[in-house]
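I opened this notebook to record what I looked up in one structure. The entries are kept in the order in which I made them.

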Amino acid sequence: MDRKITKKIKLGNMYVGGDSRISVQSMTNTDTRDVDATVNQILNLEKAGCDIIRCAVLDIASADALKDIIKQIHIPLVADIHFDYKLALKSIESGVAALRINPGNIGNIDKIKMVAQAAKNNNIPIRIGVNSGSLEKDILEKYKKVCPEALVESALRHVRILESLNFYDIGISIKSSNVMHMIESYRMISEKVNYPLHLGVTEAGTLWRGTIKSSIGIGTLLSEGIGDTIRVSLTGDVLDEVKVGREILKALGHIEEGVKFVSCPTCGRTKINLIKIAEEVEKRLANCEKNIKVAIMGCVVNGPGEAREADIGIAGGNGEGLIFKKGKVIKKVKEENLVEELMKEIEKL
Ligand code: SF4
């Protein structure tokens with residue numbers, strides 16, 4: 001399905017929405033006041049392919065620390081703020097690229113005006129982030145439960161506050177830990193507004209479960225043309241959030257560069273330790289920047305056909321395997337040497 005073209009907003013040196021590429025975000029889990037630890041984590045996330053980073057701003061010291069963090073990183077930083085308009089103002093002063101704050105939660109209209117005006121003066125967009133765990137009391141009472149309608153109403157309430165102040169540099173996320181609610185909420189809001197959407201399943205769980213839930217939620221919406229930037233939320237290593245996010249984009253054809261990895265599930269025809277070989281090859285290619293498709297196939301029945309489709313691949317035999325390159329068999333190699341020989345050939349590509 002064609003991608004819905006939303007309003008384009010600018011975060012530092014990059015754009016979100018419109019025809020800009022779909023970006024991958026993550027959030028640091030260091031203490032933001034610990035500048036060295038936070039910078040170190042962000043630099044590692046950058047290497048993994050993170051496009052935009054968000055930091056929790058819990059107090060004035062955190063907002064102040066952002067200034068030193070921003071000087072040492074290369075991607076836009078979003079300040080994540082709840083309730084306190086002073087933290088928003090201080091973060092803007094520190095040079096953040098965007099704010100994540102819900103205007104309806106920061107107090108009276110004068111405070112909201114101050115934040116919106118400061119953001120406008122500095123060309124900083126505001127992301128409204130509605131979360132199924134923190135819906136407004138009156139909305140919960142109205143709908144009696146958390147549901148997509150309630151989540152969308154909450155998001156629109158915040159949107160309308162900013163619009164009433166002539167502030168339109170808006171991004172929106174509506175995250176739910178319920179995948180179907182999340183999907184439905186984004187579909188609904190996408191019909192109602194044209195602001196860029198930040199997709200995510202919140203509190204998705206650990207690496208294994210969170211990857212599945214995020215892939216279904218984010219993947220379904222992206223395949224319908226909805227979504228401009230994504231964050232996979234995992235209880236685990238933040239680097240995995242970026243790896244999973246990038247794989248989702250690769251699977252849907254939004255990222256073309258980098259290694260595309262294909263491997264068969266193995267079956268009774270497999271006569272080599274393909275699982276070990278595939279894991280080893282995948283590990284060795286983790287930081288490979290070549291734009292190639294690698295196929296690791298277990299047998300001589302379907303294997304060669306699949307391997308031929310790839311730039312390079314293996315089709316296993318009995319204790320040995322064929323290495324294919326650009327559709328041609330180039331070597332027959334003993335099982336124990338397959339990984340090494342394959343890597344040598346990949347080097348040459
Ligand atoms: Fe089985 Fe061959 Fe298919 Fe692998 S490629 S699952 S070994 S038939």
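This is a predicted model: local features need pLDDT of at least 70, side-chain atom pairs count only at pLDDT 80 or more; totals for chains, interfaces and linings use all residues.

**Entry 1: the eight-stranded sheet.** I looked up the strand order and read β8-β7-β6-β5-β4-β3-β10-β9. The eight strands form an open sheet, and their pairing is parallel. I then located the edges, which are β8 at residues 170-175 and β9 at residues 198-199. Each of these edge strands pairs on one side only.

Strand β10, residues 229-231, is joined to β9 by two bridges, and the two strands run parallel. I checked L199 for its bridge partner and found I230 in β10.

For the helix packing on this sheet, I examined α1, which spans residues 35-48. I recorded that α1 touches β3 (23-27), β4 (52-56) and β5 (77-80). The direction of α1 makes about 155° with that of β4.

**Entry 2: the five-stranded sheet.** I found a further open sheet, of five strands, in the order β11-β12-β13-β14-β15. Its pairing is mixed. The edge strands are β11 (260-263) and β15 (328-334), each with pairing on one side only. From one strand to the next, I noted an average twist of 15°.

Strand β14, residues 320-325, runs antiparallel to β15, and six bridges join the two. Across from L322 I found K332, in β15.

Two helices were looked up here. Helix α12, residues 338-348, packs on the sheet and touches β12, β13, β14 and β15. I read an angle of about 10° between the direction of α12 and that of β14. Helix α10, residues 274-284, lies across β11, β12 (293-297) and β13 (312-316). I noted that α10 runs at about 160° to β12.

**Entry 3: the ligand shell.** Which residues are closest to the ligand? I listed C264, C267, R269, T270 and C299 as the closest, in a shell of 10 residues surrounding the ligand. By class, the shell divides into five nonpolar, four polar and one charged.

**Entry 4: aromatic rings.** I searched for aromatic pairs and the count came to zero. I then turned to charges over rings and stopped at Y15. The charged end of K8 sits over the ring of Y15, at 5.0 Å from its centre. K10 also lies over the face of Y15, and I recorded 5.8 Å from the ring centre.

Methods: Residues are numbered from 1 along each chain as its sequence is written. Side-chain values use heavy atoms; hydrogens and water are left out. A residue is near a molecule or strand if one of its heavy atoms lies within 4 Å of it. Ala, Val, Leu, Ile, Met, Phe, Trp, Tyr, Cys and Pro count as nonpolar, Asp, Glu, Lys and Arg as charged, and the others, Gly among them, as polar. Rings of Phe, Tyr and Trp (its six-membered ring) pair if their centres lie within 6.5 Å; planes under 30 degrees apart count as stacked, over 60 as edge-to-face and the rest as tilted. A charge sits over a ring if NZ of Lys or CZ of Arg is within 6 Å of the ring centre and within 35 degrees of the ring normal. Two strands pair if DSSP finds at least two bridges between them. Helices (H or I, at least four residues) and strands (E, at least two) are DSSP runs, numbered from the N terminus. Axes are lines fitted to C-alpha atoms, for helices over the stretch in contact, and angles run from 0 to 180 degrees between N-to-C directions. Contact means heavy atoms within 4.5 Å.
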